[in-house]
Amino acid sequence: SSRLSAICLNIRFLDLSKNLGDQKNIILFIRFHVIYLTFCKLFCFKGLKSLRLHSSIFFASLILGDAYAKRHGILKRIIKDASFLLNKNGEIKSRNAAELLEILFLVNRLIRFSSTAELSRGKVDAELKRIQNKVAPVLRGLRLGSGRLVRACGSGGETTQWNLDKELFDAKLSDFSIRKRAMGFHRVSAGRLRLIFDGKSALDSVQSNELSCPAFSFELSSGQRTIFQNNVPFKFFLGDSDGIARSPKQYNSVQYSLARRFRKASKWSVKIVRVKDYRDHENHYLEGEKVINIDQLNLSHWRKLIIPSSGNGVIGRDLISIDSGKMVEYGPINVQFFLHPSVDVWKTNESNYFLLQLKNKELWNFETDMNNGFLENYNYLDPTDLQERIGYKIVLQRRLTTQTFSIDWRLFIQSHSTRITREKINF
């Protein structure tokens with residue numbers, strides 16, 4: 001269905017190709033896909049797959065010159081699929097921002113061609129516009145300053161097929177509102193900083209030797225430059241990103257492990273206790289508390305982020321407590337911060353400072369409460385061009401010596417960039 005949509009939406013471009021310029025062969029090719037997908041509809045239930053399938057058949061009907069009544073019927077089924085996927089607030093059940101962008105991509109093009117099948121006196125157009133108006137504020141709320149969608153557990157962010165800014169522009173909406181709380185994500189805008197906090201990624205059950213917990217992870221950008229990001233797999237038009245480069249699910253949160261003698265695969269589960277965000281006249285605040293269960297062991301993690309309204313930094317505290325008498329069963333606990341590959345970083349020996357330089361020469365300092373932070377490499381597959389790059393992560397490691405301990409850190413700006421940082425947008 002994705003291939004059929006791509007062919008039908010780019011038919012004029014294909015006409016210019018010497019290899020695909022035979023109109024008769026292209027029509028036969030499209031008809032074959034329509035017949036096959038019509039058969040597939042018998043086994044496809046409501047949801048994103050059904051939306052893709054019906055959308056591709058609708059685009060093909062424009063090329064094949066099908067009757068208005070047939071196209072109108074397909075549009076009504078498309079609206080049912082989209083309504084099934086979205087709740088009343090425009091949120092998608094999967095919490096995948098890339099899937100939400102795909103829905104907007106399809107709806108934008110359906111509106112462009114819906115007049116060729118309008119038999120309901122504007123009702124179909126009104127329904128499609130309603131879907132646009134529900135989805136757009138959510139996508140704006142999940143957008144970092146860099147223009148990219150947030151990456152989190154189950155959400156791979158923006159991929160090569162779509163451009164968020166272009167789709168929002170093409171929608172031609174009069175409502176420019178931003179949903180600051182959507183699908184369990186919390187967005188904070190302070191000065192040039194944009195921070196998106198994941199307050200909902202609880203895990204029912206995971207079998208592993210260690211856990212990089214997605215709950216309370218965050219992504220951060222300054223202007224149009226991403227500073228911290230999650231490193232997660234994603235879906236794209238060729239399949240799964242693991243088919244190109246396999247990467248573990250890594251988050252700007254806390255990584256837990258058991259002691260070496262307990263290194264067999266353990267059963268992990270995460271329960272969110274509470275999450276809240278609030279502000280006063282000086283700062284924005286984000287707080288979250290969760291309980292992690294590891295083979296009958298309980299560990300509590302509380303995270304608090306303070307973002308000054310001026311946008312000149314982030315102050316963080318991670319408080320971890322464990323069951324009494326269980327310290328020997330845990331390995332080291334790491335608080336991790338994954339830097340975007342475009343960020344340069346330095347750390348001097350015997351220092352608890354890290355110096356970060358963004359691509360526009362903006363300088364930031366990252367400071368820890370103890371001199372136990374270090375740098376490690378990690379592999380990053382960029383979803384926008386599918387190129388693998390090497391990035392750095394800051395790791396703050398603690399070994400359990402008490403039942404309750406805290407890890408304090410802060411990020412603050414050293415010098416602003418005087419350069420123009422707006423990127424050229426290619427529509």
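This is a predicted model: local features need pLDDT of at least 70, side-chain atom pairs count only at pLDDT 80 or more; totals for chains, interfaces and linings use all residues.
The largest nonpolar core holds 54 residues. Ile 30, Leu 86, Leu 100, Ile 103, Leu 139 and Leu 142 touch the most other members. Seven helices each supply at least two residues of this core: α1 (2-9), α3 (23-40), α4 (48-64), α5 (68-85), α6 (97-113), α7 (123-141) and α8 (164-171). Helix α6 gives the most, with nine residues. In soluble globular proteins, nonpolar side chains tend to be buried together.

Another core lies apart from the largest one. This other core has 48 residues, among them Phe 228, Tyr 330, Leu 411 and Ile 413.

Leu 411 leads on to the strands. Strands of a sheet pair through backbone hydrogen bonds, either parallel or antiparallel. Strand β14 (residues 313-322) pairs with β21 in the antiparallel sense, over nine bridges. Here Val 314 stands opposite Leu 411 of β21. Strand β18 also pairs with β21 in the antiparallel sense, over six bridges. In that pairing, Phe 366 has Leu 411 as its bridge partner.

What links β18 and β21 through side chains? Arg 410 and Glu 367 meet in a salt bridge, 2.6 Å from N to O. Arg 410 lies in β21 (residues 404-415) and Glu 367 in β18 (residues 363-368). The pair links distant parts of the chain, 43 residues apart. Glu 367 is buried, at a relative accessible area of 15%. Arg 410 is partly exposed, at 34%.

The structure holds 18 salt bridges. Side chains of opposite charge can pair when their charged atoms come close. Arg 274 and Glu 287 form another such bridge, 3.6 Å from N to O. Arg 274 lies in strand β11 (residues 266-279) and Glu 287 in strand β12 (residues 283-294), so this pair ties together parts that are 13 residues apart in sequence. Arg 274 is partly exposed, with a relative accessible area of 32%. Glu 287 is buried, at 7% relative accessibility. Salt bridges with shared partners join Arg 274, Glu 287, Glu 289 and Lys 304 into one network.

Asp 66 and Lys 70 make a further salt bridge. Their closest N and O atoms are 3.5 Å apart. Asp 66 has a relative accessibility of 19%; buried means under 20%, so Asp 66 counts as buried. Lys 70 is partly exposed, at 43%.

Five strands form an open sheet in the order β5-β10-β15-β20-β19, with antiparallel pairing. The edge strands are β5 (210-212) and β19 (373-381), each pairing on one side only. On average, neighbouring strands of this sheet are turned by 25 degrees against each other, direction ignored. Within the sheet, strand β10 (residues 254-257) and strand β15 (residues 333-338) pair in the antiparallel sense over two bridges. Val 254 stands opposite Val 335 in β15.

Key
Residues are numbered from 1 along each chain as its sequence is written. Side-chain values use heavy atoms; hydrogens and water are left out. A nonpolar core is a set of buried Ala, Val, Leu, Ile, Met, Phe, Trp, Tyr and Cys residues joined through side-chain atoms within 4.5 Å. Buried means under 20% relative accessible area, exposed over 50%, partly exposed in between (1.4 Å probe, protein chains only). Helices (H or I, at least four residues) and strands (E, at least two) are DSSP runs, numbered from the N terminus. A salt bridge is a side-chain nitrogen of Lys or Arg within 4 Å of a carboxyl oxygen of Asp or Glu. Two strands pair if DSSP finds at least two bridges between them. Axes are lines fitted to C-alpha atoms, for helices over the stretch in contact, and angles run from 0 to 180 degrees between N-to-C directions.
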